[in-house]
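Here is a friendly tour for anyone meeting this structure for the first time. Have a look at it, then read on.

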Amino acid sequence: MARVHCQRKKTDEPSQIERRRHVVERRKISAIASSKTKGSAGEPRDSQLGFSMHIKTSSSARIIIVDYRTGNSNSIKRTLDQIGSRSIISSQIEDLTQADKIILPGVGHFAKAMANLKELDLLEALNEAVLIKRKTVLGICLGMELMAMRSQEGDTQGLQWLDAEAVRFKSSAAARHKVPHMGWNRIQIKKVSALMKGVENLSEFYFAHSYHLKIKDRSDLLNETEYGISFPSAVERNNIFGVQYHPEKSHRTGVRVLKNFIDM
Amino acid sequence: MFRPRIIPVLLLKDLALVKSVQFKNYKYIGDPINAVRIFNDLEADELILLDITASKRERLISPDFVKAVGEESRMPFCVGGGIRSLEEINTVIAAGAEKVILNTCAGRDPDFVKTASDEFGSSTIVVCIDAKRTLFGVERAWIRGGRRATRFSPLDFAKLMEDKGAGELIVQSIERDGTMEGYDIDLIRSISQAVNIPVVALGGAGRIQDLVDCYRYGFVNGLAAGSLFVYQDKRRGVLINYPEKESLSFE
């Protein structure tokens, strides 16, 4: 008997972490219980529920994640898959024409991104989809900056969908505000928007950028964030949306933003 | 309000999660993908994954493994281990990592950091500075998993890396690694006050208070730790854990 016991213990060894996981799960369960006793009204918060059961979309909109050889489209695609949205990563004009909504991702260099869009012959198709057919578009990080008239990064013209300019953060070693602005920071929600449904004011998102938008028209301002200065962390103008943060890397709140975009 | 990131570091040895003391004496912790899932549940700010045998064996961290992490992770993560070329950076980024961590190749060829940062943007390129004294008591930046000293002091290496376009520095004390006795705050502050890019502290954290102290006195943007987040306490019983954000005050 003792021997059997010993063997079992041995095979259990690698799953030590798995057992800790149960501790986490138990803690979560107790969190649900306590929120009930507090009688929290309205819709339950995502963090108190199993992640996948709450956040599925019923939308059948076809999403194209524009692949222009920069940035990390895969993690956006994976999040959309988890939400249950129909999406493809593509640089084909045909896919862009057929899509209902557009995500413009982006990590990297502004001038290079514009050059790639030009090289892939996507500029005209993007302009037509967004400005004429008025398809809903979401720019993420560099994808948002690209919507500006121009950027200081490489001193390049942008897509010119927004009356804005991308400028570099000023930095100094003495200050806490190093550049790039890298990490978690709060947003202030500046207007009512379908993109912000269920997102609390002062929620935290993950940022990683050295440039930020300067907008001319304050009515485009959707979120604002402080980092030494106040800068627009999200913009909205008609069918054009941009977020400077990475919703695909911002835990449940970020998933919520992407789901809102799909459900719009 | 901007706050420092709190970053668990996962060390990999042959795809097993391990933890070292002073870059030696590896102890088996468990399955790394399980750890990523737990840190998802605990909503960690970010993860650092380091393959500690990659550079020694002159190979890249397994792209399949990075992909598996990418499938799971709902938080940003950065990856280091044997990265030597632009193609390898591309492989790791395409697998879902936000950032790559360079050490050995940055020490051997500082200009590679410039090439990489021009290609992928500086916020993708992180350089890890492993600091230790030589036998003669001179503080140096080390490469190849702490096996070879460079000719640079940690501070000179940090400034050089900033010049070459690194977007972030991880400053790690080899002597403090795994000791759980607190960060080398003097080392960390000397670097964070000399550069304009974000600095992440690593090596020695054993209590939550160590994180707070290092933020206050080390002027860092991120606080990374291995032992603190995989062990229950100094007795080193395995317990994957992460502080509740509400319980932390950095002001």
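Is the crossing of α1(B) and α2(B) left-handed or right-handed? It's right-handed. Before going further, keep in mind that this is a predicted model.

**The helix pair in chain B**

Let's stay with those two helices for a moment. Helix α1 of chain B covers residues 32-41, and helix α2 of chain B covers residues 63-72. They pack at an angle of about 25°, and their axes are 10 Å apart. Angles under 35 degrees count as roughly parallel, and α1(B) and α2(B) are therefore roughly parallel to each other. On the α1(B) side, the contact is made by I33(B), V36(B), R37(B) and N40(B), while α2(B) brings A68(B), V69(B) and E72(B). Sorted by class, the contact of α1(B) with α2(B) has four nonpolar residues, one polar and two charged.

**A helix pair in chain A**

Now over to chain A, where α4(A) meets helix α9 (residues 251-263). Their axes come within 10 Å and cross at roughly 70°, which makes α4(A) roughly perpendicular to α9(A). Here T79(A), L80(A) and I83(A) in α4(A) meet V255(A), L258(A), K259(A) and I262(A) in α9(A). The classes in this contact of α4(A) with α9(A) are five nonpolar, one polar and one charged.

Here are the two pairs again:

| α1(B) and α2(B) | about 25° | 10 Å apart | four nonpolar, one polar, two charged |

You can find I189(A) standing opposite N223(A) in β12(A).

**Where the chains meet**

How many residues of chain A are in contact with chain B? There are 33 of them, and they touch 41 residues of chain B. Several elements of chain A each supply at least two residues to this side, namely α2 (16-38), α4 (73-83), β8 (181-186), β10 (204-209) and β12 (221-227). The most comes from α2(A), with six residues. The side of chain A that touches chain B divides into 12 nonpolar, 13 polar and eight charged residues.

Conventions. Residues are numbered from 1 along each chain as its sequence is written. Chains are lettered from A and ligands numbered from 1 in the order in which they are written. This is a predicted model: local features need pLDDT of at least 70, side-chain atom pairs count only at pLDDT 80 or more; totals for chains, interfaces and linings use all residues. Axes are lines fitted to C-alpha atoms, for helices over the stretch in contact, and angles run from 0 to 180 degrees between N-to-C directions. Angles under 35 degrees count as roughly parallel, over 145 as roughly antiparallel, 65 to 115 as roughly perpendicular and the rest as oblique. A crossing is left-handed if the near helix is turned anticlockwise from the far one by less than a right angle, and right-handed if clockwise. Two residues are in contact if their C-beta atoms, placed from the backbone, lie within 7 Å. Ala, Val, Leu, Ile, Met, Phe, Trp, Tyr, Cys and Pro count as nonpolar, Asp, Glu, Lys and Arg as charged, and the others, Gly among them, as polar. Two strands pair if DSSP finds at least two bridges between them.
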